[in-house]
Amino acid sequence: MNMTRSEVLERLQEIFDDIFLDEVVVTPELSAKQVEEWDSLLHISLVVAVEEAFGVKFRVGEVEGTGNVGEFADLILKRLNGTNA
Amino acid sequence: MESLKANTSTSKVSSSRIGILKELLATKDSAFWQRLAEFSNECHSFSEIIKLSNLRKRANTIDFGPNQGTPHEEFRIAVVGGSTLYPLSELIEHLLAIEKGNVKLHLGNYNNYRAEITDPESELYGFDPEIVVVLPDETTCKYAGDLTDSAEAIATEVERYANETLSLCNLIRQRSSAEIILCNFGPSPYFDLGQLGTKHPASDWNFKRSVNLALAELAPNFVHICDLEFLAYRTGGLVARDESSWFESKQLLSPVLQVVLAREISHIVCSLKRASKKVLVLDLDNTIWGGVIGDDGLEGIELGDTSPRGEAFKAFQAYVQSLTERGVVLAVCSKNDFENAIEPFRKHPEMVLREEDIVSFKANWDPKPDNLARISDELKLGLDSFVFVDDNPAEIEIVRQFTPDVTALLLNPDPSQFVPQLKESRLFEVASISIEDRSKTLQYRKEAERRNLLETSVDMDSFLGSLQMKGTVKDFDRLDLPRIGQLINKSNQFNLTTRRRTESEVERIIEDPDFTGFTMRLSDKFGDHGLISVVIGKRDGETLEVDTWLMSCRVLKRQVEEAVMNELVARARDFGCSRIKGVYLPTAKNGMVKRHYPDLGFSTIREDDEAGEYELSVDGFEPRPTFIAIESTHAKL
């Protein structure tokens, strides 16, 4: 289960391809503001899709605390590694 | 349970489903739509349905024939409620689009449903929905008083709360013509009060369940309850909720339960205008008993309380027999010598099913599709109302290939699963149960006897005369609504226009002065056929247009058509109409009534592939003679 950050980003690209109707290129700097389709509603589906794909469960509020896809990937890695912090 | 299993399974299957569809889409292969429907129906993962929905949307933007085979009429559904309704709405939209083609969805705002419902100018009504789904605010469904209050005070509050919820549904009904799907309340699955929570009527657990019972009891017939409590129980209470998503996006239901709920809502919508199955055809060996009767003999088959397997087969028989109370008729189709096959029905002490429970018994060595066609002919019921169950995959396959209208179910290898499997197929769900249903088996058996008589009486007139038929014509009666609704939604063959209506739509016809609706019952010396014909006429100036004319096929060629015709002319005269207009809308099933109006003396206005229109002048119409003694009660005027 030891994924690297770039492997997480690759997997995220696959999920983005299926969840967004438009083509979105995943980069660590990408944020919701830059993608027109990525509104608060689609965000709900995206987070559930990520949780199902990685088999993780985020804690309340913590996805909101990530500023871009890179930080989101770090959060996924943190939950994957089961750290209690 | 199934959804959980699917959810934790590897994502390999799901990505390959999506992969297959992407491939088909890239090559613009029209097989895309069928696979999309299959995958959507078998998939339980939230994110996978979202992905399937996206693929559907993408496919709709590409020009390669959208959703072939499904009607393109727009279907409008609104979802309002006390939580954030997206992404549930997305799931509902997708599952309905798979069934209905073109779906338009209106989404209420978070917890704004009371205002949306009470304001007659709201967008909800501007949208003119056919169905409104109401998912009420669960957080207010609790007892606000003291735990020390009297049981009476709490019971009063339960009823008040249920009535308040239903009054919102009534408002929707008054302001639109929509049918309403009301979700009930899911009690919290967490321990809280312990023993006291079990006993105390004001505990969350008991209060919500009491409200749910009150809703079921008080709901009018245009409110269809979507049983969230049951769905959460089925899914597993702890898995059904998602605590963090309430705080993040005001959603109470976990993604898993949202899928289950969306599927149920889609099922309710589709079953409002879809007939349930009428005939269950059973294989015998290893289906209703264990072993092979031809090899193992009467003493050798496994059946009854002496072994676990025997007990399971017996339980399956008992469930099958209970289906006859809903109006399902039973038939047998087995590869066996007849004498061997019938023996357990006559002699085995543990058999629940007896010879008289089976309306048509085919045990021979002909291919099963041939026998199914014969049963269909005998019962005058279309093969699309048939369900066939067998333990042998080869038999299921041949039936699927040669009689594709029959729904063929391959039984699970474990006989203890037969009953759940049949229940989960949802093929025999009925909206209501009428008294007629209970005596269906008897009626079909009588029909077989009548046919024997028919074969010997060459002279049709003296045969009909000998039947001593009595007919009762009556205006639509509220007591008959379940049966009228059933006929309107089930009849396919003798049905001139195949217009489906819900019970409450029928009820509105009773009130409308421009409509006349009547039914006919028929009995004869062999027994009562019950309510067998439904007619709806609509006044349009000087013309009475026949909106609906249908009849149960088991009274074909009994002069019911002529008797109804006489009644129709009498009603046209009462309405002051000089002309009756008849319409025939052809379907795959109703070819038998193609010449109905010309045969009754109507002249043709137009006739093409889409419709036939016919007219008859009321003046000078001579009532047609029949052998039916008619009693008519006509109260509307």
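Biologist: Is Phe345(B) buried or exposed?

Modeller: This is a predicted model. The relative accessibility of Phe345(B) is 2%. The cut-off for burial is under 20%, so Phe345(B) counts as buried.

Biologist: How many aromatic pairs are there over all chains, and what kind is the pair of Trp289(B) and Phe345(B)?

Modeller: The whole structure holds 15 aromatic pairs over all chains. For Trp289(B) and Phe345(B), the ring centres are 6.1 Å apart and the planes stand at 70°. Planes over 60 degrees apart count as edge-to-face. The pair is therefore edge-to-face.

Biologist: How many residues apart in sequence are the parts that this pair ties together?

Modeller: Trp289(B) lies in the loop between strand S6 (279–282) and helix H15 (293–300) of chain B. Phe345(B) lies in helix H17 (residues 338–347) of chain B. The parts tied together are therefore 56 residues apart in sequence.

Biologist: Which residues form the cluster with Trp289(B)?

Modeller: Trp289(B) itself is buried, with a relative accessible area of 0%. Ring pairs link Trp289(B) into a cluster with Phe338(B), Phe345(B) and Phe361(B).

Biologist: Which ring lies under the charged end of Lys250(B)?

Modeller: Elsewhere, Lys100(B) lies over the face of Phe75(B), 4.6 Å from the ring centre. The charged end of Lys250(B) sits 5.1 Å from a ring centre, over the ring of Trp246(B).

Biologist: What is the accessible area of the nonpolar patch with Leu196(B)?

Modeller: Leu196(B) lies in helix H9 (residues 195–199) of chain B. Its relative accessibility is 43%, so Leu196(B) counts as partly exposed. Together with Leu147(B) and Leu193(B), Leu196(B) forms a nonpolar surface patch of about 240 Å².

Note on methods:
Residues numbered from 1 in each chain as written. Chains lettered and ligands numbered in written order. Predicted model: local features only at pLDDT ≥ 70, side-chain atom pairs only at ≥ 80, totals over all residues. Heavy atoms only, no water. Patch = residues over 30% accessible without salt bridge, like charges linked within 9 Å, V, L, I, M, F, W, Y side chains within 5 Å. Areas by Shrake-Rupley, 256 points an atom, 1.4 Å probe, with all protein chains shown as cover. Salt bridge = Lys/Arg side-chain N within 4 Å of Asp/Glu carboxyl O. Helix = DSSP H or I, 4+ residues; strand = E, 2+ residues; numbered from the N terminus. Buried < 20%, exposed > 50% of the residue type's maximum accessible area, 1.4 Å probe, protein only. Phe/Tyr/Trp six-rings, centres within 6.5 Å; stacked < 30°, edge-to-face > 60°. Lys NZ or Arg CZ within 6 Å of the ring centre and 35° of its normal.
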